[in-house]
Amino acid sequence: MRRKTFGDIGLDLFSYAVLLLMAAATLLPFANVLSKSVSEEWAVVAGKVGILPVGFQLETMAYVVTSSQFIHSFLISVLITVVGTVLSILVTAVTAYPLSKRQLPGMGVIMVLFVFTMMFNGGIIPNYLLMKNLGLINSLWSLMLPAMISVFNMLVIKSYYESLPEALEDSAKMDGASTYTILFRIILPLSGPVLATIALFYAVYYWNDFFNPMLYINDPSLKPLQLYLRDIVMDADSSSALNKSVDDMMNVSPEGIRAATVIASTIPILLVYPFLQKYFIKGVLIGSVKG
């Protein structure tokens, strides 16, 4: 192997420095919010909390996660994320399969129509009117149907299908397998890495989405966690937003409540990643480069 020159070493050090700065820019704000959520009330109110917590207490976090409205919004978000992700994966995987076949009649036109939607859409008002005419205002379906399929995710899965050997399908057809049997019993089981990766993309989107709930959900009983978090951050009177009594507010600060709510709503989706990590890089690479 060629020995590294001073120029190569300098380039490596520069690359590491840039990556460390990018990591710090991502982690430091999160560390600050986490520190506020567990710091003493006086330190949060006085603005003394930086990267490290000042003192330590869990009253604020307990105050947030035991709120009935928080728990209800949390369960709504879990429902939307689980159901939406499962349906999106199913629809995206099934849509990508026929488009991975070059012999599909009119495939060029169909692909143009799909790609067109990546660059242009109807806009907020037409989408709202569509949801209203469909009777989906104040319905959880209004949060899942518009995001049921992502063209980018569909193209990634399509590329993965194209990388699979055609001999697999030819052999199955010779044994009398139908198209649905080939897809659900051969293709999908072999597509575990890319499907797990796309499932993570969809899950993160459904969990973090607050714009669509802000447009389509007016019923407080249907508010997902991110819309509830938005109300907490924007509401100066956190006691009313959390539906707690004044006595309960004595040992916690509004700023600490906001920080604790952000942390409590972020941790669940972070816990999903370790279970899909082994598929993540492999799925993205195989799905984006045709073998």
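Among contacts in the chain between residues at least 6 apart in sequence, what percentage join residues at least 24 apart? The share is 72%, where contact means heavy atoms within 4.5 Å. This is a predicted model, in which local features need pLDDT of at least 70, side-chain atom pairs count only at pLDDT 80 or more, and totals for chains, interfaces and linings use all residues. Residues are numbered from 1 along each chain as its sequence is written, and side-chain values use heavy atoms, with hydrogens and water left out.

**Chain overview**
- The chain has 15 helices and zero strands; these are DSSP runs numbered from the N terminus (helices: H or I, at least four residues; strands: E, at least two).
- Of its 291 residues, 35% count as buried (under 20% relative accessible area, 1.4 Å probe, protein chains only).

**Confidence**
- The chain has a mean pLDDT of 82 (the predictor's confidence in each residue, from 0 to 100), and 88% of its residues reach 70 or more.
- Among the elements of the chain, α4 has the highest mean pLDDT (92) and helix α14 (residues 238-242) the lowest (48).
- Residues 236-241 have pLDDT below 50, and this stretch has twelve contacts in the model beyond near neighbours in sequence.

**Helices α4 and α8**
- The axes (lines fitted to C-alpha atoms over the stretch in contact) of helix α4 (residues 68-99) and helix α8 (residues 151-163) come within 8 Å and cross at roughly 50°.
- Residues in the contact include T92 and Y97 of α4, and M154 and Y161 of α8.

Key: Axes are lines fitted to C-alpha atoms, for helices over the stretch in contact, and angles run from 0 to 180 degrees between N-to-C directions. Buried means under 20% relative accessible area, exposed over 50%, partly exposed in between (1.4 Å probe, protein chains only).
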